[in-house]
Amino acid sequence: MIGLPVDAIILAGGRGSRLGGADKSALIGPDGRTTLERTVSACREVDAGRVVVVGPPDVIGALDVEVTQESPPGSGPAVAIAAGLALLQSDGLDAGDVLVVACDMPNVEPGVKALLAAKGPDGVIATDGGQRQWLLGLYRRAALARACASLTGWGGPGNPSVRYLLSSLDLAEVAVPAGAADDLDTPEDLIRLHYR
């Protein structure tokens with residue numbers, strides 16, 4: 001999908017419930033950077049044009065990014081992706097690609113590069129160990145906009161899942177390098193990846 005402009009949506013609004021309510025975007029790694037700083041850096045490394053962080057405004061700090069929040073706050077990553085895309089769509093463009101990544105994947109940079117080197121009809125989604133990584137993908141902006149429009153018809157219980165959001169898209173799967181999709185969900189993950 002190289003050659004088209006790429007923007008990025010970083011999801012930073014999770015509750016961190018398995019980490020006792022910790023702000024996962026502020027977890028500090030062995031290099032002294034937060035998970036959010038590392039994720040923004042991974043997006044900048046691939047020359048993402050606009051970087052939108054979806055989460056509470058206070059998570060941003062001094063980072064040079066745009067920020068928005070899903071409504072209502074805490075309504076899940078699918079709604080957060082739609083909120084991030086709505087901010088990107090304010091530029092009136094429909095072309096290009098949108099990288100979507102969760103902020104709690106501290107070693108995501110090689111995964112991002114693998115996605116950008118691949119092609120798919122509506123985009124590409126990362127796989128790790130044969131499993132789709134729903135919060136790591138690169139989508140054609142127009143296709144993602146169509147998918148986000150489907151959320152207005154959500155009638156199920158709770159909040160729609162990212163799997164539901166992306167179910168209508170024709171996505172190619174891309175196996176990412178080992179460790180690229182590792183996320184920080186539990187205290188054991190913190191220990192294994194040397195985060196605090």
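**Figure 1. Confidence across the predicted model, element by element.** Over the protein chain the mean pLDDT is 88. Of its residues, 92% reach 70 or more. Where pLDDT is low, the predicted coordinates should not be read in detail.

Figure 2. Strands of a sheet pair through backbone hydrogen bonds, either parallel or antiparallel.

**Figure 3. Parallel pairing of S2 with S3.** S2 and S3 run in the parallel sense and share 3 bridges. Valine 52 stands opposite glutamate 66 in S3. The next residue, valine 53, has a set of contacts beyond its sequence neighbours, leaving out residues up to four places away. Its partners are Ile10, Ala12, Leu36, Val59, Ile60, Val65, Glu66, Val67 and Thr68.

**Figure 4. Antiparallel pairing of S4 with S6.** The two strands pair over 5 bridges in the antiparallel sense. Aspartate 97 has arginine 140 in S6 as its bridge partner.

Figure 5. S5 and S6 run antiparallel, joined by 5 bridges. Glycine 123 stands opposite tyrosine 139 in S6. Aspartate 128 has glutamine 131 in S6 as its bridge partner. S5 and S6 form a hairpin with 2 residues between them. Glycine 129 sits in the turn and has a positive phi of about 65°. With S7, S5 pairs in the parallel sense, again over 5 bridges. Threonine 127 stands opposite alanine 175 in S7. S5 is mostly covered, with 5 of its 6 residues buried.

**Figure 6. Helix H2: length and buried residues.** How far apart are the end C-alpha atoms of H2 (residues 77-88)? They are 16 Å apart, which agrees with the 16 Å that 12 residues should span at 1.5 Å a residue. The buried residues of H2 are Ala78, Val79, Ala80, Ile81, Ala83, Gly84, Leu85 and Leu88. They pack against strand S1 (6-11), strand S2 (51-54), strand S3 (66-68) and strand S4 (97-102). Helix H4 (141-149) and helix H5 (162-166) are also packed against by these residues. An α-helix has 3.6 residues a turn, so residues three or four places apart point the same way.

**Figure 7. Two nonpolar cores.** The largest nonpolar core has 34 residues. Those with the most contacts inside this core are Ile10, Cys43, Val53, Leu99, Leu115 and Leu136. S1, H1, S2, S4, helix H3 (109-116), strand S5 (123-128) and S6 each supply at least two residues of this core. A second, separate core has 24 residues, including Val54, Leu88, Val98 and Leu165. In soluble globular proteins, nonpolar side chains tend to be buried together.

Figure 8. Proline 72 lies in the loop between S3 and H2.

**Figure 9. Positive phi at aspartate 47 and histidine 194.** Aspartate 47 lies in the loop between H1 and S2. Its phi is near 60°, a positive value in a residue other than glycine. Is aspartate 47 buried or exposed? Aspartate 47 counts as exposed because its relative accessibility is 66%, over the 50% cut-off. Histidine 194 lies in the segment after H6. Histidine 194 is not a glycine either, yet has a positive phi of about 60°. At 58% relative accessibility, histidine 194 counts as exposed.

**Figure 10. Glycine 158 and glycine 76.** Glycine 158 is in the loop between H4 and H5. At 61% relative accessibility, glycine 158 counts as exposed. Glycine 76 is 82 residues from glycine 158 along the chain, and their C-alpha atoms are separated by 9.4 Å.

How values were computed. Residues are numbered from 1 along each chain as its sequence is written. This is a predicted model: local features need pLDDT of at least 70, side-chain atom pairs count only at pLDDT 80 or more; totals for chains, interfaces and linings use all residues. Side-chain values use heavy atoms; hydrogens and water are left out. Helices (H or I, at least four residues) and strands (E, at least two) are DSSP runs, numbered from the N terminus. The expected span of a helix is 1.5 Å times one less than its number of residues. Buried means under 20% relative accessible area, exposed over 50%, partly exposed in between (1.4 Å probe, protein chains only). Contact means heavy atoms within 4.5 Å. Two strands pair if DSSP finds at least two bridges between them. A nonpolar core is a set of buried Ala, Val, Leu, Ile, Met, Phe, Trp, Tyr and Cys residues joined through side-chain atoms within 4.5 Å. pLDDT is the predictor's confidence in each residue, from 0 to 100.
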